[in-house]
Amino acid sequence: MDTTFVLLSIAKIAVVWGGVLTGAAILVLAERRISAWIQNRLGPNRVGPFGLLQSAADVVKLLFKEDIVPTAANRFVHDFAPMISITVALTTFAVIPFGDTIEAFGQNVKLIVADVNIGMLYILALTGIGVYGITLAGWSSNNKYSLLGGLRSSAQLISYELSMGLSIIGVIMISGTLRLDEVVMHQTAPLAHSMQKLPSWLQWLIPVAGWLPSWNVFFQPIGFITFVVASFAETNRLPFDLPEAEPELVGGYHTEYTGMKFGLFFLSEYANMITSSALITTLFLGGWHLPFAESWGLSPFALSLVKIGTFFVKVTILVVFYIIVRWTLPRFRYDQLMRLGWKVMLPLSIANILATGLLLLWWS
Amino acid sequence: MGFQISDIANNAPLFTLVATGLVVILLESAKSGKPNVSFIVSLAGFILSGLLAVGGLKTEDVSFGGMLMNGSYSNFFAIVFCLTGSLTILISKSYLERFGQFRSEFYILVLFAAMGMVLMASANDLIIIFLGIELMSVSLYVLAGFFRTQDRSNESALKYFLLGAFATGFLLYGIALVYGSAGSTNFSVIHNQAPALMKNQPLPDSVVQAGLPDSVVQAGLPDSVVQAGLPDSVVQAGDSGLPAGQAGLAGTIFLLGLGLVIVGLAFKVAAAPFHMWAPDVYDGAPTPATGFMATAAKAAAFGAFVSIAFKMIGSTSGTISNLLAVIAAASMILGNVIAISQSNIKRMLAYSSIAHAGYMLSGIAAANVEGQAGVMYYVAAYACMTLGAFAIVSILERDDAANLSIDGYAGLSAKHPVIAAALALFMFSLAGIPPLAGFFGKYYVFLAAVKADMTWLAIVGVLTSLISAYYYLRVVVVMYFKEGEAAVEGRIGMSTVVAIAVCAYLVVQLGVYP
Amino acid sequence: MIESYIPIFIMIVGAMGFAVVMGKMNEFVGPKRPSEEKLSTYESGMEPVRSARERFSVKFYMVAMLFIVFDIEVVFLYPWAVSYKLLGTPGFITMFVFIAVLLVGYFYVWRKGALEWD
């Protein structure tokens, strides 16, 4: 069992990294093309068909750049910071189920890298470590822009980590577990099941909405919104990209980085985008669950593929949403950002927990 | 999750303090800058809590699943804390106004510290002791640094915080070791285990008598430390017929843990080898806060100390008694001798508080019923007289902290005969002159020591009391027989006068009708 | 139980390897033509003035402290949330009291202006 288990795990890791890294590469291109489209430009279209090889060219270019570490910088930490960022970005995906089970090598394989019982805690813990990468990068450069960027980002990240942690709690209360695959399983029943308990004056909703799947987004609309906003902040994406804030901080924490070390920050930002999209999908949008897919009469193997495809499509839609938001909204001012985090998101997510608690009591 | 109404009813004093604290915070947040309201609400909360504690003196019960033990013991201490708390609040008003620092946070912090103290006194579990100590200490750290713009105040807060955090570390490590050897943090459970653990410990008494728990380590743990494995030895130590080596290991760890717990608590009461923070902290902190620290915090630490000594260890512990006796003797000698050379009255009172910690510890070291009662009486008496003394110091203190030297009190009797008389009363009581409260406190404690065959401790106590009479009476002498210009700036606040009167009344009352 | 963490371990080791290789690659394959100008700290073309590691606003510390307070609350909420359906009404009341006490502090901090940033 052990060897097979290890081999299977390695295979799953390869699949996940292949997906995430290729995804990140394509995303960089997609982002540039979409932004060009929004701004009525062409965007990169020369390297390969539709510019598809642009990212590969970028990586090669970054690899052959000179590695510049400023004399004033702390060399060890300067080297270490981007490594933290990318390690975190690449390992977070371990507990997210990207499909149900699949028949392979003569056994039913769960499509999740590490089936641990504390999945959500693991993700929160890694998010916490991720802060170090940016903070240390800002500090080690010994550059005023970098330091400001690093400080701002650590303040921002920890502020929004709170709302992120709090908005998940509603989901945990509903599903009663920290395992992400069980959270998904919990969302597969039709909504009509849980609607039986509705008071009589709301019973008319059952035929109207009962066919919907019981995705958590329907039970936790506030939690969903706060979680999505917090994810935007956690990935440093516009409108929350103050740590980078090109006009004021000339790049922020990675001002003093060149070559692939800069590339690692860049890569981890996009990998984080994919991971948090996958997390939103898993927690609130039913993960790999596609309503009615079971009733199509597909073979188990094909059904598994359909489920993986569903997951993929959901994540893609979210990622595109990320990109469109970036090129549509202006950036916050820093005081607005902190006010939103502490005075709106935090009370909102605590209120959400109390409301969920009351509703659950009434429900059962 | 079964908690009952009785849990809340039993802990009514505690919950009153909690509720008052929260209400004051809310009031302060809703309408900033109205400290008068906070003053009245906090005072009312303390008085209500104290009355509830008086009402609860008769009931004996455990609550929250055996975590807290409510009864005459805990309620007696709750009364002491509420008394000192309300007196501190009374003293503080005019003092803080004079320094332009009259803010609600002072009352909030006093309330929270008192909460921690009540928790400590009613604890029936090491975890609760820890929780109470932290709640109390964190509030006191901030209280010590309450005058944010004063260097002395900041210095005192920082010193207190750093050393206090260190002591907390000792305490927590000790709790961990006790838990490891006894298998529980609950007093009753440990109490049942303690005799077996103590009996099988192979250490000679002399090691422990050397005074430092570190020496326990040097006595050498058996090689089987790792192999023995804690849980096993715990189980076996609970039975009686067991291999001596492993039981000895559990016993050693238990003793080591107790030693560390005692170190942590000895720090909080400022007993001799762990007293270094006291003078600086007492000197720098705002005087009402100092008074509160010196009385209520010390009382709370003794509340926890007595709980641990009597409820947890029981009276079977010769080694622990000897350790405590050594600490007590050292505190008495050190505090009293150094106090002689102090010219600053706050520092003098700080050293005297070290000495008094020694007197009280000798009651605990005696480890008999008289000792326990004596310590409880002493705590109450000490709280009244010391708080009264600090109240008078707070009246005389001026902005630049100049008027703190004992010589500055010269001629006080001519200018303010009533205040001088009150201070003289407190000083006589601190020195242990009959028929005041201080005398009977010492009498009970030393009586307990004699009964426990610790006559040497009682002799040390009496001798050092004689030394202490010198510096206490010097203040009286300076006040009455030296010419000078001891001036009180501005008016003396009504509330402070009330506080002093209450203290003075109690000192006489406790003394005459013990 | 513990073996479900093996894949995570493999993944972390792999990711670290990837990170180290990629992060150090430039040192080996990139050109090395350092100059004093190039290695000086970037400050929009100006000569760098003083070190960057000086004192910064106390507000960052405030945020960090508040974060710890609330993050510990979150940590307490997790086990409670997992077993919420077992705990029922007493569980809700207990946690409600806990959160209410924290909200009093939150209200205080808000009114005292610790959350203002300007």
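What follows is a set of questions and answers on labels and the values behind them.

Guide: This is a predicted model, where local features need pLDDT of at least 70, side-chain atom pairs count only at pLDDT 80 or more, and totals for chains, interfaces and linings use all residues. Residues are numbered from 1 along each chain as its sequence is written, while chains are lettered from A and ligands numbered from 1 in the order in which they are written.

Visitor: What makes B:Leu171 buried or exposed?

Guide: A residue is buried if 20 or more other C-beta atoms, placed from the backbone, lie within 10 Å of its own, exposed if 12 or fewer, and partly exposed in between. B:Leu171 has 25 other C-beta atoms within 10 Å, so B:Leu171 is buried. B:Leu171 is found in helix H7 (residues 151-182) of chain B. Helices here are DSSP runs of H or I with at least four residues, strands are runs of E with at least two, and both are numbered from the N terminus.

Visitor: Which residues does B:Leu171 touch?

Guide: Contact means that the C-beta atoms of two residues, placed from the backbone, lie within 7 Å. Leaving out residues up to four places away in sequence, B:Leu171 touches B:Phe130, B:Ile133, B:Leu260, B:Val261, B:Gly264 and B:Leu265.

Visitor: How do you know whether B:His356 is buried or exposed?

Guide: The count is 30 other C-beta atoms within 10 Å, so B:His356 is buried. B:His356 sits in helix H17 (residues 345-366) of chain B. Its C-alpha is 8.1 Å from that of B:Gly335, 21 residues away in sequence.

Visitor: Why are H18(B) and H21(B) called roughly antiparallel?

Guide: H18(B) and helix H21 (residues 437-451) of chain B pack at an angle of about 160°, with their axes 8 Å apart. Axes are lines fitted to C-alpha atoms, for helices over the stretch in contact, and angles run from 0 to 180 degrees between N-to-C directions. Angles under 35 degrees count as roughly parallel, over 145 as roughly antiparallel, 65 to 115 as roughly perpendicular and the rest as oblique. H18(B) and H21(B) are therefore roughly antiparallel. H18(B) passes H21(B) in a left-handed crossing. That term means the near helix is turned anticlockwise from the far one by less than a right angle, and right-handed means clockwise.

Visitor: What about H12(A) and H13(A)?

Guide: H12(A) and helix H13 (residues 300-326) of chain A pack at about 120°, with axes 9 Å apart. H12(A) and H13(A) are therefore oblique to each other. Their crossing is right-handed. The residues of this contact divide into nine nonpolar, two polar and one charged. Ala, Val, Leu, Ile, Met, Phe, Trp, Tyr, Cys and Pro count as nonpolar, Asp, Glu, Lys and Arg as charged, and the others, Gly among them, as polar.

Visitor: What makes a set of residues a nonpolar core?

Guide: The set must be buried Ala, Val, Leu, Ile, Met, Phe, Trp, Tyr and Cys residues joined through C-beta atoms within 7 Å. The largest such core has 192 residues, and B:Cys384 and B:Cys503 are among those that touch the most other members. Helix H18 (residues 369-396) of chain B gives the largest share, 19 residues. A second, separate core of 107 residues includes A:Leu62 and A:Ile353.

Visitor: How many residues of chain A are in contact with chain C?

Guide: In chain A, 62 residues are in contact with 56 residues of chain C. H5(A) gives the most to that side of chain A, with twelve residues. By class, the side has 37 nonpolar, 14 polar and eleven charged residues. For chain B, seven residues are in contact with nine residues of chain C.
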